[in-house]
Amino acid sequence: MASIAALEHEIGALGQEFHKWRMINVWKHLVNAGSENAATRIAGHHAVADVFSKGGKAKIEEGLTRMIGLQSKLAAEHGSSASKLYFHEGNALGKGIATIEVNAGGVLDRYFGFKAKLNHTDLLHPSEIMAPVGNWGGSVPWDESRQVAAICFEPLGMSDVAHGIANKTATGPGQEFWSRFEPRLKDIPGLMGPRVAAHEMGHAVHFQLSGTDKIHPEVAEIVSTMQEALFMKEMAKRIKNPQQSVALLSDQLNADVATVEQIGKLNFERNAYRYAEQHPGQVIPVTKLWREASGKILGNNISQAGEHAAMMDARLMLWDQYMYRPGYGSGYLVGWAAAPKLLEKLEADPAVFQETYRKLLAKGDSL
Ligand SMILES: [Zn+2]
């Protein structure tokens with residue numbers, strides 16, 4: 001019997017190796033794929049599709065097949081199965097995610113329909129899924145982005161903690177996380193840059209207050225998504241013209257699309273684990289499973305003609321958590337569902353909320 005520690009070590013090493021590969025080979029193109037400039041954006045999508053077809057697909061197939069083998073062994077050591085541990089099959093959380101899945105399609109259809117109308121087309125080009133609408137007026141300078149990320153903690157009465165981290169004067173797990181992430185955050189274009197900075201600052205403050213960065217995604221992503229909701233409010237104060245107003249709203253909707261798309265990714269992961277159980281020793285047919293799962297979420301609205309299919313396949317490289325933390329996407333969905341309710345409570349009674357919320361954050365995983 002393999003020891004739990006040895007399996008955990010092997011899983012960690014494989015995940016890290018894949019993450020490193022993706023950062024070196026994919027990240028620079030992914031950043032372009034989110035550009036406000038259409039030509040840069042399309043070139044970015046071409047480049048990502050190219051990496052996928054020239055080695056990326058094989059890398060994912062090989063890595064995921066090995067990873068699923070290891071994760072299944074580890075789950076068995078814990079007397080469980082990976083589906084139970086990571087995909088919330090049959091529990092309340094799984095049911096909640098299924099509810100979002102049933103209802104989200106209508107929201108996506110309307111947003112994509114609006115984008116298609118703007119572009120005088122019926123089906124969107126893959127590069128338009130996350131394309132901004134409106135015009136904020138260029139990227140937000142990094143210095144402003146990191147300050148905004150800290151300012152978004154003002155309504156929660158914790159901006160002292162956040163400013164310390166943003167200015168790199170703190171010590172602790174939150175500061176370490178932020179300092180490690182910062183070089184990457186600086187590269188993200190448009191409003192997505194400061195939005196992601198606000199999100200990651202949510203994690204940083206959470207880690208700092210709880211003294212640990214080992215927090216379940218379903219807890220961690222509530223805090224970070226709450227910061228995105230507060231980011232929306234903060235940026236709304238800075239709007240100077242109608243174009244900026246549209247740009248901010250479209251950025252929020254793009255963030256919503258990215259969250260709902262997690263359902264497709266979760267279904268892909270779960271089906272990959274099932275495939276491995278039913279076909280022991282075989283390589284996971286990554287592209288086939290991905291097309292089936294993501295097609296249900298985005299398929300009706302996005303062109304799959306010719307090279308577009310390759311661009312949609314390559315979306316599998318947008319994320320890499322499936323290589324080190326299967327099922328992570330359910331955390332984003334829980335956060336997405338919880339943030340508006342938290343915001344309501346904050347606005348109803350700020351003083352009580354601030355006190356309770358700070359205590360909860362300090363509890364870390366046991367929140
Ligand atoms: Zn997060």
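Q: Helices are DSSP runs of H or I, at least four residues long, strands are runs of E, at least two, and both are numbered from the N terminus. With that settled, what follows H16?
A: Gly-364 follows H16, and its phi is positive, near 60 degrees.

Q: What sort of model is this?
A: It is a predicted model: local features need pLDDT of at least 70, side-chain atom pairs count only at pLDDT 80 or more, and totals for chains, interfaces and linings use all residues. Residues are numbered from 1 along each chain as its sequence is written.

Q: How many helices and strands are in the chain?
A: The chain has 16 helices and 0 strands.

Q: What box do the C-alpha atoms fill?
A: Roughly 55 × 50 × 35 Å, taken along the principal axes.

Q: What share of the residues is buried?
A: Buried residues make up 42% of the 367. Buried means 20 or more other C-beta atoms within 10 Å of the residue's own, exposed means 12 or fewer, and partly exposed is in between; C-beta atoms are placed from the backbone.

Q: Back to H16. How does its span compare with what it should be?
A: H16 covers residues 350-362, and its 13 residues should span 18 Å at 1.5 Å a residue. The end C-alpha atoms are 18 Å apart, which agrees. The expected span is 1.5 Å times one less than the number of residues.

Q: Leu-361 is in H16. Is Leu-361 buried or exposed, and why?
A: Leu-361 is buried, because 23 other C-beta atoms lie within 10 Å.

Q: Which residues is Leu-361 in contact with, leaving aside neighbours within four places in sequence?
A: His-206, Leu-209, Ser-210 and Val-223. Contact means that the two C-beta atoms, placed from the backbone, lie within 7 Å.

Q: What about H9, how much of it is buried?
A: H9 is mostly covered, with 19 of its 19 residues buried. From first C-alpha to last, H9 reaches 27 Å, close to the 27 Å expected. Just after H9, Gly-211 takes a positive phi of about 80 degrees.

Q: At what angle do H7 and H9 pack?
A: H7 (residues 159-166) and H9 (residues 192-210) pack at about 105 degrees, with their axes 10 Å apart. That makes H7 roughly perpendicular to H9. Axes are lines fitted to C-alpha atoms, for helices over the stretch in contact, and angles run from 0 to 180 degrees between N-to-C directions. Under 35 degrees counts as roughly parallel, over 145 as roughly antiparallel, 65 to 115 as roughly perpendicular and the rest as oblique.

Q: Which residues make the contact?
A: From H7, Val-161, Ala-162 and Ile-165; from H9, Met-201, Ala-204, Val-205, Gln-208 and Leu-209.

Q: New spot: where is Ser-81?
A: Ser-81 lies in the loop between H3 (38-77) and H4 (82-86). Ser-81 counts as partly exposed, with 16 C-beta neighbours inside 10 Å.

Q: Last one: is Ala-348 buried or exposed?
A: Ala-348 counts as exposed, because it has 9 C-beta neighbours inside 10 Å. Ala-348 lies in H15 (residues 329-348).
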